[in-house]
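Here are my notes on this model. Please read them with the structure open.

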Amino acid sequence: MDPIPSPNQKQGSDSVWPRALSVISRHVNDHVMQTYFERIRCLSESKDQVRLALPNKFMRDWVVDHYQSFLQEAVSEVTQSPTEVEITVDVSTLRAPQQAQAALRKEAPPNTSPASSSTRFSLNDKYTFENFVCGSSNQFAHAACKSVAESPGLNYNPLFIFGGTGLGKTHLLHSIGIELRRRHPEWNILLLSAEAFTNEVIASIREFGMDSLRRSFRQQCDVLLMDDIQFLAGKDRTQEEFFHTFNSLHDTRRQIVVTSDKYPNEIAGLEERLASRFQWGLVADVQPPDLETRVAILEKKASFEGIELPEDVSMFLATHVKRNVRELEGALVRVEAFASLNGEQISINLARQALQDQLIPEGRPPDVDKILRTVAEHFSVKVGEICSDRRHKAIVLPRQVAMYLVRDLTGLSYPDIGRRLGGKDHSTIMSACRKISSLMETDTGVRKTIDHIGRALV
Ligand code: ADP
Ligand code: MG
């Protein structure tokens with residue numbers, strides 16, 4: 001693959017991707033441009049292939065489903081030849097180490113090792129303490145991180161943050177870096193992933209020599225923030241280097257913070273002496289957020305992104321997307337894109353459509369009797385009354401809600417539902433379902449009721 005010559009690389013004016021972006025911007029509206037295309041990062045480009053990355057799977061899938069050929073055309077228009085476009089996920093949100101290093105190699109004055117200023121590049125300004133929602137699941141880790149950002153090297157050194165994927169570890173690590181940079185602009189704060197560190201070690205062995213690496217990490221570093229330390233497992237040479245770096249920083253009371261997906265002792269392939277050092281300071285975990293925290297995260301994110309998110313939809317998303325925050329954010333982005341591309345307002349119905357592949361009901365769907373009992377209980381009526389032919393006002397709405405929910409949650413046919421609800425005609429069920437669907441668009445009370453009962457059933 002011949003790299004495309006780029007005489008003016010600093011501005012990137014001859015690079016393919018910026019020019020393709022400008023082609024794209026002529027064809028899509030500002031919103032889609034900002035939501036998707038401007039978030040695409042170009043990993044590499046040549047005349048034959050352009051590799052792009054989006055920050056999460058939802059966005060990537062959406063772009064692949066809707067824009068793959070469009071992207072292909074835009075890029076090929078720029079290169080004037082059939083260029084392949086590959087789109088991947090880049091969850092790290094950190095600059096790819098090679099990219100940062102390449103930029104640094106170009107820009108760094110002689111004798112400065114590649115690592116020494118890479119932090120400046122990789123601090124993600126969105127990942128601040130202000131943007132982090134604190135709940136019982138992450139309170140301890142959050143407090144520890146704040147304390148470290150306020151008094152580095154004093155209380156908890158090292159600070160070890162561990163927990164499952166997408167729960168905010170990287171976010172917290174950047175928050176510390178951002179706060180420290182604000183307080184001590186002259187400090188050299190190194191934030192990098194363990195993978196990038198490994199690459200630095202390899203590059204130093206091959207090209208730069210260990211002295212320059214040691215200078216950057218041991219002498220010139222004031223704070224070391226290392227993400228995903230589990231990556232060091234099994235990499236003996238890198239662990240050895242990290243061990244001495246650790247000792248040198250710790251001995252001189254310089255702060256070290258590391259994150260990991262596991263507790264130190266549970267990282268197979270991590271040397272015992274490192275695992276034990278990681279426990280010298282404070283070990284804090286992050287857990288999956290509870291419902292209230294998930295709602296708060298969605299609301300914060302929506303307001304940050306300028307998305308109008310109705311309360312019931314944020315409750316709906318938070319109820320259905322539980323595993324981690326990254327998926328929650330992905331769901332919000334997907335719903336928002338779905339709404340904007342279809343020119344509709346965000347509603348529960350729309351969210352349901354946008355996320356239909358993800359909303360796998362847990363366990364078995366509730367049975368008809370359970371739905372009837374729950375609806376009856378909610379409206380303080382009797383199941384028998386719902387199934388009767390009485391046309392009293394107080395019964396009509398609960399009955400229609402019951403019909404709608406049975407259809408929605410069990411997917412039974414209209415005639416079947418009719419039979420299960422006291423022998424009603426299928427057209428009665430159909431019109432009830434339509435009625436409630438349209439009320440859900442216009443009547444917040446009904447929407448909340450459906451959501452409330454729906455939640456009680458899953
Ligand atoms: P991890 O490093 O644990 O895999 P990240 O820090 O990358 O997770 O978090 C994934 C996404 O979720 C990021 O966009 C991050 O901003 C967001 N996030 C995670 N936890 C929170 C939180 N408590 N408040 C706000 N955003 C959060
Ligand atoms: Mg992370």
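1. Strand β4 (residues 159-163) is joined to β8 by 5 bridges, and the two run parallel. Within this pairing, F162 stands opposite D285 in β8. Strands here are DSSP E runs of at least two residues, and helices are H or I runs of at least four, numbered from the N terminus. Strands pair if DSSP finds at least two bridges between them.

2. The model is predicted: local features need pLDDT of at least 70, side-chain atom pairs count only at pLDDT 80 or more, and totals for chains, interfaces and linings use all residues. Residues are numbered from 1 along each chain as its sequence is written, and side-chain values use heavy atoms, without hydrogens and water.

3. The open sheet has 5 strands in the order β5-β6-β7-β4-β8, with parallel pairing. β5 (189-193) and β8 (282-286) each have a single partner strand, so one side of each lacks a neighbour in the sheet. The average twist from one strand to the next is 15 degrees.

4. Helices α9 (residues 210-219) and α10 (residues 236-251) pack at about 40 degrees, their axes 10 Å apart. Axes are lines fitted to C-alpha atoms, for helices over the stretch in contact; angles run from 0 to 180 degrees between N-to-C directions. M210, L213, R214, F217 and R218 in α9 meet R237, E241, H244, T245, S248 and L249 in α10. Contact means heavy atoms within 4.5 Å.

5. H452 lies in helix α21 (residues 444-457). The C-alpha atoms of H452 and M315 are separated by 9.4 Å, at 137 residues apart along the chain.

Terms used. Chains lettered and ligands numbered in written order.
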